[in-house]
Structure formats: C-alpha cells, structure tokens
Amino acid sequence: MMRTKLTMMGTKLTMMGTKLTMMGTKLTMIQANLTKLKPVFGRLKKAFMDLVYPANIYCICCGEPIFDHELYSLCKSCTEKIAWVNQKGCTKCGKMLQDWYESEICIDCSYVKHHFKQGFCCVQYGELERQLIHQLKYHGKGYMGRKLAEIMQDRIGFENLDIHYIIPVPIHKLKLRERGYNQASLIGKNLAAAMNWTYSDSLLVRTKDTEPMNQLRPRERRRNMQNAFALGKKAKELVKDKSILIVDDIFTTGSTVDACAEVLLAAGAKEIYVFTFAAGVNEK
Ligand SMILES: [Zn+2]
Ligand SMILES: [Zn+2]
C-alpha cells in the first residue's frame, strides 16, 4: 500500500517536473516574443503619447502649458502673435498684402505667370511660424500634421472649392528615407479626412532630389525645379478634367507647386489650386 502511494507520488512529481519544464519553455518563448515586440510597443507608445500628450497639454508653438479649450492647441500669447492671413491677400497666390499696398496681386505674381489657378495660406511666414513648421518637418512630430490641418481646414472651408483630389508635394525617396515621412503628406491626409476629399500621393512623383531652396534666388529656384516631378503610374486617366489641390507646408516663390501644376495640367487636369500652411512676405 505504502509502496503504491510512493510510486503514485513519484509519478505525480515527474508530471509536475514535466509541467514546470513546459512552463519554463513557455516563459522563454514569451520572453523572446516580448523582445521582438519591444520596438512595436515603442512605436505604439510613441503614437499614443503623440495622440494625448503634447497636442492637448502644451502649446504646439512655444511649448508652454495650455488649457485644453484653447483653439488649435496654441496658447493665448502665440495665437495673438502669429501673423494670421485674415485680411487682404494676393488674389493669385494668397500671400498677405500690406494695408497700404494698392495692387490686388503681390510683387512676385506681377512678374511670374503661375500655372496654378489660385493659392491659399493661413499664416505669413515669420520666426514663430518657422518654429511651427520646423516641429513638423524636422522633429518627427507627426501630430503636428493633424494640428496644422485643423487650422487649414478652417481656412479652406471658406472657399467653396470643388476638389477631386488633394495631393502633397512629393518628396524624393532619398529624403523620405532620411526623414521617415513627408510633411506635406501628413498635412494632406489629415486635411483630406477633415474635408471629406480624396487624398492621393501617387498622382505625382518626385524624380529629382533637388537642392534645398532657401539659399536660391527665384530664377535658380525655377531651374532647380525643372523636371523635378513626373506623372505617377496610371495617373493619366485619373487626373483628366479633375480639380486638384496641391498641399505643402510653405509657399515662397511658388516654383515648386508651379512645377507640380505644370505636369498635372499637361496630363489633362482641369485646374490646380495650391494650399500651404504658410506663405512668404510680399517683398516691396
Ligand atoms: Zn505658445
Ligand atoms: Zn501673389
């Protein structure tokens, strides 16, 4: 009797041993999976933090704490300091015009014939506005795309545009690899969703990795943009007779969006509009 009990206990112990070994194996597997999941969780955590953290607690411009009812996640001081384009603008490119300035179009537009039909913007480009765009462009702050698109939605809502496609100014694949995202796409996707327009980033492709434009003079900018864009595969049937809105972060002389518009119009697009968050100052 005693011996039978002992044998049974021995068997039980062996089974427990096997179970423990199995549990050990499972734990090792879970551990291995967790290591594999780490980067995914890291990204999820970042996306989650992007979602709830800075945009609703801190001013997207100066980083000071804000109340959550504050419009566009901007503090009162920044809202007051930002040069909103809410008065007279160039009827062609949308750039803000000075009060005393008599013409309906800015200096640049009086010299250059643009390919696009009309341009719109939200702010005049200055130091504060540069900071905002910089956050979006160089610091990987993707939620900024959503925030800027919120502002842009309120601006473009006034225009009653009939838009078939909203497209970003494409960046070259080398730059895309370097930065990880196209800032114009971030704005474009969010704006398209807010306006219920169709977003596409395959109608145009960037075929040339162009030099940075900020040091170039207007004529050099145009040269730099020559043959920089081409029609995307299968885009010809899509763009025919369509109204297309090109989105970018900043408009300076318009040579980039003009180069885009030229390709789309040559492919049969009906009309091209341009919408940027910021536009340069009308130089006297
Ligand atoms: Zn602020
Ligand atoms: Zn203009």
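This is a predicted model: local features need pLDDT of at least 70, side-chain atom pairs count only at pLDDT 80 or more; totals for chains, interfaces and linings use all residues.
Ile151 belongs to helix H6, which covers residues 143-156. Apart from its neighbours within four places in sequence, Ile151 is in contact with Tyr72 and Cys122. The C-alpha atom of Ile151 is separated by 9.8 Å from that of Val123, although the two residues are 28 residues apart along the chain.

**The four-stranded sheet**

The model contains an open sheet of four strands, paired in parallel and arranged in the order S1-S6-S5-S2. Strand S1 (118-124) and S2 each have a single partner strand and stand at the edges, so one side of each has no neighbour in the sheet. Neighbouring strands of this sheet are turned against each other by 20° on average, with direction ignored. Helix H6 packs on the sheet, where it touches S1 and S6, and the direction of H6 makes about 125° with that of S1.

Strands of a sheet pair through backbone hydrogen bonds, in either a parallel or an antiparallel manner.

**Strand S5 and its partners**

Strand S5 comprises residues 243-251, and eight of its nine residues are buried, so the strand is largely enclosed by the rest of the structure. Strand S2 (residues 165-168) pairs with S5 in the parallel sense over four bridges. Across this pairing, Ile166 stands opposite Leu245 in S5, and Pro168 stands opposite Val247.

Strand S6 (residues 271-279) also pairs with S5 in the parallel sense, over eight bridges. Here Ile250 stands opposite Ala278 in S6.

Helix H11 lies across S5 and S6 and runs at about 165° to S5. Its twelve residues, at 1.5 Å a residue, should span 16 Å; the end C-alpha atoms of H11 are 16 Å apart, which agrees with that expectation.

Nine of the twelve residues of H11 are buried, and the helix is therefore mostly covered. Among the buried residues are Ser255, Asp258, Cys260 and Leu264. The buried residues of H11 pack against S5 and S6, and also against strand S3 (204-206), helix H9 (218-225), strand S4 (229-231) and helix H10 (235-239). Just after H11, Gly268 adopts a positive phi of about 105°.

Conventions. Residues are numbered from 1 along each chain as its sequence is written. Chains are lettered from A and ligands numbered from 1 in the order in which they are written. Helices (H or I, at least four residues) and strands (E, at least two) are DSSP runs, numbered from the N terminus. Two residues are in contact if their C-beta atoms, placed from the backbone, lie within 7 Å. A residue is buried if 20 or more other C-beta atoms lie within 10 Å of its own, exposed if 12 or fewer, and partly exposed in between; C-beta atoms are placed from the backbone. Two strands pair if DSSP finds at least two bridges between them. The expected span of a helix is 1.5 Å times one less than its number of residues. Axes are lines fitted to C-alpha atoms, for helices over the stretch in contact, and angles run from 0 to 180 degrees between N-to-C directions.
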